[in-house]
Amino acid sequence: MTTDTPIPAAPAATPTEDALPRRFADFATLGEALDYAASGSRGLNFHDARGTLTRPYSFSELRTDALAAARRLIAAGVKPQDRVALVAETSAEFAALFFGTVYAGAWPVPLPLPTSFGGRDHYIDQLRVQLSSCDPVMLIFPPELAAMAGEAARLSNVPGIDWAELSARPAPDAPLPAADADAIAYLQYSSGSTRFPHGVAITHRALLNNLAAHSHGMAIQASDRCVSWLPWYHDMGLVGCFLSPVANQVSTDYLKTEDFARRPLAWLDLISRHQGTTLSYSPTFGYDICARRMSSQTRASDRFDLSRWRVAGNGADMIRPDVMQDFVDAFADAGFKASAFLPSYGLAEATLAVSIMPPGEGIRVELVEETELSGGDHDGHRPQRFRAIVNCGKPVRDMKVEVREEDGALLPERAIGKIWCAGPSVMVGYFRDDAATDACMADGWLDTGDMGYMSDGYLYIVGRAKDMIIVNGKNHWPQDIEWAVEQLPGFKAGDIAAFAITTPGGEETPAVLVQCRSSDEAERQRLREEIRERVRSVTGMNCVIELIPPRTLPRTSSGKLSRAKARNLYLAGEIKPYAIAA
């Protein structure tokens, strides 16, 4: 006689709706926010690369684990205001350690995971630089990263421990320090924080203010559920898709970032699976990848149901209206509505959100003539050219935005200048870097480093001030040069980086690096001339055109093109262009 072994029941995700009355982040501290969320039934849900639920993690369970982690950290000697560096894997373990550090009165410092580019030594160096900046009492990492993260800790003279070993330690009872709304909640490093990192210091008060503004801006409703693949070591993933769901009590489903990179359409599968309305954010490149992966012979409606995707957020990089239209074209028959797009603008120094488009208004653009963008007058010799500038919404609740001249003078509507913002969620400053703080803050106002203009109460972003290319006193935006090359067959966004260099004759000129897949020397020569003529026709400039191998251009740890690093590597001879035929 045999007995059948029962098949374990599949885990059930935490519910979308809950009897617990929703509070829109109206708490004094992050710990208080988790205490409240834990009294309901919602939570975080972790999925594997195919989108299969592997671990539902209620806010109640998160709180229990976080309190135990706090006691272990206190037993290990962690004191209030100590920094605890945490490699930010999208997992229940990181979530518990982050909140455990907060409950212990210390400051969690999320650090990046290794990426598919850069290699082992690059990752160790990146961790070492950030460890040196934040001066932590320990580095905690996933067991599978023990070799690399442990080596970075050893070289930095920082105690390193994997979180499996830490969780096996006793959690003796210990009094937790009293929480203070004006204390630092965490340090956040931006995606470009590699050589000269700036740890952004954010208080509990600033964080909760921004999370409340964020939830009101998106008009969160009872049926909303968040879906995210964004990494937890950057502000949009950490603040918008991890801390905001806790403070606003929203059940959330996660794919790891590396799993999204391998199977991007699993993101849309996850959105299709749930019956509630969906909140999900991505930079432009995420929408681009999905649209490209969709076969022209396949109907999106055969696989996806995106009709309940209420807020398709877009931020963290320049928003490309052409890419957004490609996404609509690819997935409209699966029920995706263009009105779901919700452009936004923000930065870590403002905690996260500065402006958000009112839900339902979608992507709105204004066509701006190229000479207006460059600050000059149209010369009449070349045809007028326009760039589509995306409306990034209205300033969020409690946030003020001004557009100023270089000398600080306030500019009128539709005049392009430097964007400044002020409000309760602006950072305290950069950790242990008063000079960098003073360089971007004055009288409570933050110089975002971005250029744009205001129109009828809406904010339009033009580009990063530091990326601007100035030739013969005229401003040129690298995005315009890159866009010109992208219009040629065979090239796409991310293949091109434009920046200024000084020629041997002492003149400033743009250099354009273009990733080229052709191995034929004659074809490369033809492409080089075609690119040169294309850029000249659009900008009127003669540029240095360099073809380089695929996957050569450097990216930040969030996957964005880094023009500044590309320039440095090119000038140092570390990016090696294909030779020009004699």
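Biologist: Which residues lie nearest the centre of the second largest pocket?

Modeller: Start with the general idea. Rolling a probe the size of a water molecule over the atoms shows where empty space is left. In this predicted model, Val-102, Gly-105, Ala-178, Ala-179 and Asp-180 lie nearest the centre of that pocket. They are among the 19 residues that line the second largest pocket. Two elements, α1 (30–37) and α3 (92–103), each give two or more residues to this lining. The most come from α1, with three residues.

Biologist: What volume does the second largest pocket have?

Modeller: About 330 Å³.

Biologist: How many residues of its lining are nonpolar, polar and charged?

Modeller: The lining has 11 nonpolar residues, five polar and three charged.

Biologist: Now the rings. How many aromatic pairs does a search of the whole structure find?

Modeller: The search gives 32 aromatic pairs. A pair of aromatic rings is described by the distance of the centres and the angle of the planes. Take Trp-309 and Phe-327. Their ring centres are 6.0 Å apart and their planes stand at 85 degrees, so this pair is edge-to-face. Trp-309 is in strand β12 (residues 309–314) and Phe-327 in helix α12 (residues 321–331), so the pair ties together parts 18 residues apart in sequence.

Biologist: Are Trp-309 and Phe-327 buried or exposed?

Modeller: Both are buried. They also belong to a cluster linked by ring pairs, whose members include Trp-229, Phe-260, Tyr-287 and Phe-341.

Biologist: Which rings does Arg-404 lie over?

Modeller: Arg-404 lies over the face of Trp-420, 4.4 Å from the ring centre. Its charged end also sits over the ring of Trp-445, at 4.8 Å from the centre.

Definitions and conventions. Residues numbered from 1 in each chain as written. Predicted model: local features only at pLDDT ≥ 70, side-chain atom pairs only at ≥ 80, totals over all residues. Heavy atoms only, no water. 1 Å grid on protein atoms, 1.4 Å probe; cavity = no way out; pocket = protein on both sides within 12 Å on 5 of 7 lines; lining within 4 Å. Points joined across faces, edges and corners; volume = space filled by probe spheres on them. Helix = DSSP H or I, 4+ residues; strand = E, 2+ residues; numbered from the N terminus. Nonpolar A, V, L, I, M, F, W, Y, C, P; charged D, E, K, R; others polar. Phe/Tyr/Trp six-rings, centres within 6.5 Å; stacked < 30°, edge-to-face > 60°. Buried < 20%, exposed > 50% of the residue type's maximum accessible area, 1.4 Å probe, protein only. Lys NZ or Arg CZ within 6 Å of the ring centre and 35° of its normal.
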